[in-house]
Amino acid sequence: MFWKSVVGKLAITILLLVSFVLFILTMLLLEFFENFHIQEAERDMMQTATKVSIMVETYHDRNMIIDTTERVVDPASRVVIVFDDEAWTSDSNNKNLASIDLNWLKHEKDLSRVINENKEVKKQIVLPNTDVEAMIVGTPVEDKGAVFVYQALDVIDQTKAETTKIIFLAAGIAIVLTTIFAVFLSTRITAPLIKMREAALDLTRGEFNTKVPILTHDEIGELAIAFNRMGRQLNFHINALRQEKEQLSGILSSMADGVVTLNRNGEMMVTNPPADRFIDDWYFENSIPISEKDNRLPSELNVILQEVIETEKEVLEEISLQGRNWVMIMTPLYDQNYVRGAVAVVRDMTEERRLDKLRKDFISNVSHELRTPISMLQGYSEAIVDDIAETKEEKNELAQIIYEESLRLSRLVNDLLDLGRMEAGHEQLRKEQIDVQSYINRIIKKFNGVAEDNHIGLKLTMETDSNIATFDSDAIEQVFTNLIDNAFRHTEENGFVHVKINNNEQEFEVSIEDNGSGIPEEDLPFVFERFYKADKARTRNGQKKGTGLGLAIVKNIIDAHEGVITVKSKLNQGTTFHFKIPQK
Ligand SMILES: Nc1ncnc2c1ncn2[C@@H]1O[C@H](COP(=O)(O)OP(=O)(O)OP(=O)(O)O)[C@@H](O)[C@H]1O
Ligand SMILES: [Mg+2]
């Protein structure tokens with residue numbers, strides 16, 4: 001671990017560098033001191049030899065020379081003075097330093113030249129009959145012989161060893177100091193780096209407020225400043241992004257249209273609630289259990305996605321699901337020039353489609369209803385103009401038909417106007433307190449004549465906990481009129497129409513029952529729609545002709561009173577309309 005850290009690498013580099021330099025320095029110093037010691041020793045010995053040789057040359061008294069020499073000479077070395085063919089050797093306190101005899105000196109290759117050729121010689125030798133190494137110098141004495149001085153090499157080696165020890169000690173201290181210094185320095189350099197690494201890890205965890213302390217004013221300090229600045233910028237941008245995202249998701253979730261973003265593989269990245277409803281409907285329609293629903297676009301829709309990706313053009317598709325009409329617009333999403341996916345907007349167009357159909361139906365119904373009476377008016381008036389009818393009776397008959405048709409026309413127009421006003425909410429209800437008993441009796445009396453003419457029994461049953469009810473008397477009278485009129489028109493001779501009233505504090509409840517032709521079951525849900533006529537054929541004959549607006553007006557009036565109207569019917573058995581008006 002330590003080797004891999006910056007501290008380790010730095011410290012080791014410094015240590016290696018210093019060690020290398022120290023090693024070379026030590027080697028050079030050792031070499032230098034070794035030579036130095038040897039040369040020093042040689043010079044010393046040569047000086048001694050020269051002094052003794054001058055003494056030998058100058059004086060003739062051998063005893064005095066020997067005496068003086070013994071005093072002068074360094075006790076660690078020995079001096080050999082060769083007088084003609086006799087040699088004298090000084091004493092030494094070094095027991096190992098054996099004495100050398102004249103014979104050996106004369107026969108040693110280099111040393112003999114001192115005596116024979118009067119030359120100075122410096123040499124390392126092994127002392128005769130021993131294995132002691134020694135350093136020897138010899139200087140000739142004019143005509144009289146020579147002076148040799150020698151010393152054991154251990155003495156020099158000892159001095160050398162001491163110097164070496166000092167050098168190694170110094171090097172050791174230097175290494176220790178360097179190690180401490182290297183570790184200290186690299187720790188100081190890397191401590192802020194370690195702090196920065198921790199701060200960077202904080203950043204990755206999303207803690208953007210982390211700050212690195214600025215401890216120094218060098219490059220690392222500048223790095224810390226740059227790092228802090230980067231942190232602030234990141235924080236700012238992330239905040240901006242987050243706000244943007246929240247805004248976007250707010251817009252998406254409050255949108256009425258469904259939005260789905262898709263990647264190229266058809267995975268849904270973002271959906272909003274309407275889009276979820278659409279996808280759920282899709283799964284339901286294709287009987288895919290919700291548990292199998294992964295986050296992928298249904299395969300049929302994936303085909304559209306692939307088309308968008310290939311053509312890089314917006315694709316519009318209409319889809320009908322569960323009785324609802326959806327329109328899907330899929331637009332490519334770009335990542336620079338590459339289509340990275342698509343965004344699909346789905347809109348529920350059911351209501352628009354329904355209104356559209358309603359409008360078209362309304363226009364065709366109105367024109368159809370108008371066309372019949374108008375063509376009749378045209379035909380019959382033409383017959384009069386062309387004098388086709390000859391007798392006065394015939395003319396009267398034609399005029400009668402024209403009169404009835406024009407009545408029908410005006411009734412149709414009035415009904416349409418009423419309906420239009422009510423649906424637009426312009427019709428204000430004039431609610432008042434009604435004496436139920438007399439009100440109902442008056443209406444029934446109005447129909448008694450018609451009932452007798454058609455041989456239909458008109459029955460009234462009244463249960464009144466209270467005799468007072470509150471509603472718009474004119475409007476409710478129209479409800480009664482339309483319902484009783486319908487009942488009469490669809491009931492054969494000898495049938496009956498039964499009006500039941502139940503009035504109490506809570507509600508005014510009415511049912512109008514007949515045993516007439518009834519309404520086919522499949523038509524029941526539509527009887528309250530404008531222009532709806534259950535039996536298309538019968539509408540064309542005589543007084544049973546209607547426009548199909550009566551029940552639509554009834555429904556509108558009951559709705560305006562916040563009441564409920566229902567119908568029960570069996571074909572060829574009878575029909576019962578039943579409505580309630582709350583009394584609060
Ligand atoms: N009591 C009933 N028995 C059988 N069918 C009925 C009865 N009441 C209504 N219907 C059917 O419902 C249709 C719609 O009735 P609605 O009162 O709205 O129109 P209409 O009677 O044909 O015309 P309008 O009342 O405008 O003159 C009628 O055409 C008829 O087929
Ligand atoms: Mg009617």
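These legends walk through several close-up views of a predicted model. Local features here need pLDDT of at least 70 and side-chain atom pairs count only at pLDDT 80 or more, while totals for chains, interfaces and linings use all residues. Residues are numbered from 1 along each chain as its sequence is written, chains are lettered from A and ligands numbered from 1 in the order in which they are written, and side-chain values use heavy atoms, with hydrogens and water left out.

**View 1. An open sheet built from 5 strands.**
Reading across the sheet, the order is β7-β6-β10-β9-β8, and the pairing is antiparallel. Helices (H or I, at least four residues) and strands (E, at least two) are DSSP runs, numbered from the N terminus, and two strands pair if DSSP finds at least two bridges between them. β7 (268–271) and β8 (315–321) sit at the edges with a single partner strand each, so one side of each has no neighbour in the sheet. From one strand to the next, the twist averages 25 degrees. Inside the sheet, β6 (residues 258–263) and β10 (residues 338–348) are joined by 6 bridges in the antiparallel sense. Look for Val-259, which stands opposite Val-345 in β10.

**View 2. Two helices lying across the strands.**
Helix α7 (residues 273–285) lies across β6, β7, β8, β9 (324–335) and β10. Its direction makes an angle of about 60 degrees with β8. Helix α8 (residues 299–311) lies across β6, β8, β9 and β10, at about 40 degrees to β9. Contact here means heavy atoms within 4.5 Å; axes are lines fitted to C-alpha atoms, for helices over the stretch in contact, and angles run from 0 to 180 degrees between N-to-C directions.

**View 3. Aromatic rings in pairs and in a cluster.**
The whole structure holds 12 aromatic pairs. Rings of Phe, Tyr and Trp (its six-membered ring) pair if their centres lie within 6.5 Å; planes under 30 degrees apart count as stacked, over 60 as edge-to-face and the rest as tilted. Phe-278 and Trp-282 make one tilted pair, with 6.5 Å centre to centre and 50 degrees between the planes. These two are 4 residues apart in helix α7, so about one helical turn separates them. Phe-278 and Trp-282 are both buried (under 20% relative accessible area; exposed is over 50% and partly exposed in between, with a 1.4 Å probe and protein chains only). Phe-471 and Phe-508 make another tilted pair, at 4.8 Å centre to centre with 35 degrees between the planes. This pair ties together distant parts of the chain, with Phe-471 in strand β13 (residues 468–472) and Phe-508 in strand β15 (residues 507–514), 37 residues apart. Phe-471 and Phe-508 are buried too. Elsewhere, Phe-32, Phe-33 and Phe-36 come together as one aromatic cluster.

A search of the whole structure turns up 29 salt bridges, each a side-chain nitrogen of Lys or Arg within 4 Å of a carboxyl oxygen of Asp or Glu. Glu-40 and Arg-43 meet at 3.5 Å, N to O. Glu-40 is partly exposed at 31% relative accessibility, and Arg-43 is partly exposed at 48%. Arg-359 has 47% relative accessibility and Asp-356 has 32%.

**View 4. A salt-bridge network around Asp-110 and Lys-123.**
Lys-123 and Asp-110 form a salt bridge of 3.1 Å, N to O. Lys-123 belongs to strand β3 (residues 121–126), while Asp-110 is in the loop between α3 (102–107) and α4 (112–117), 13 residues away. Lys-123 is partly exposed at 23%, whereas Asp-110 is buried at 17%. Both belong to a network that also includes Glu-108, Arg-113, Glu-117 and Lys-119.

**View 5. Strand β17 and its partners β15 and β16.**
β17 (residues 574–582) pairs with β15 over 8 bridges in the antiparallel sense. β16 (residues 564–570) also runs antiparallel to β17, joined by 7 bridges. Lys-580 in β17 is the bridge partner of Glu-509 and also of Val-564. β16 and β17 form a hairpin with 3 residues between them, and Asn-572 in the turn has a positive phi of about 65 degrees.
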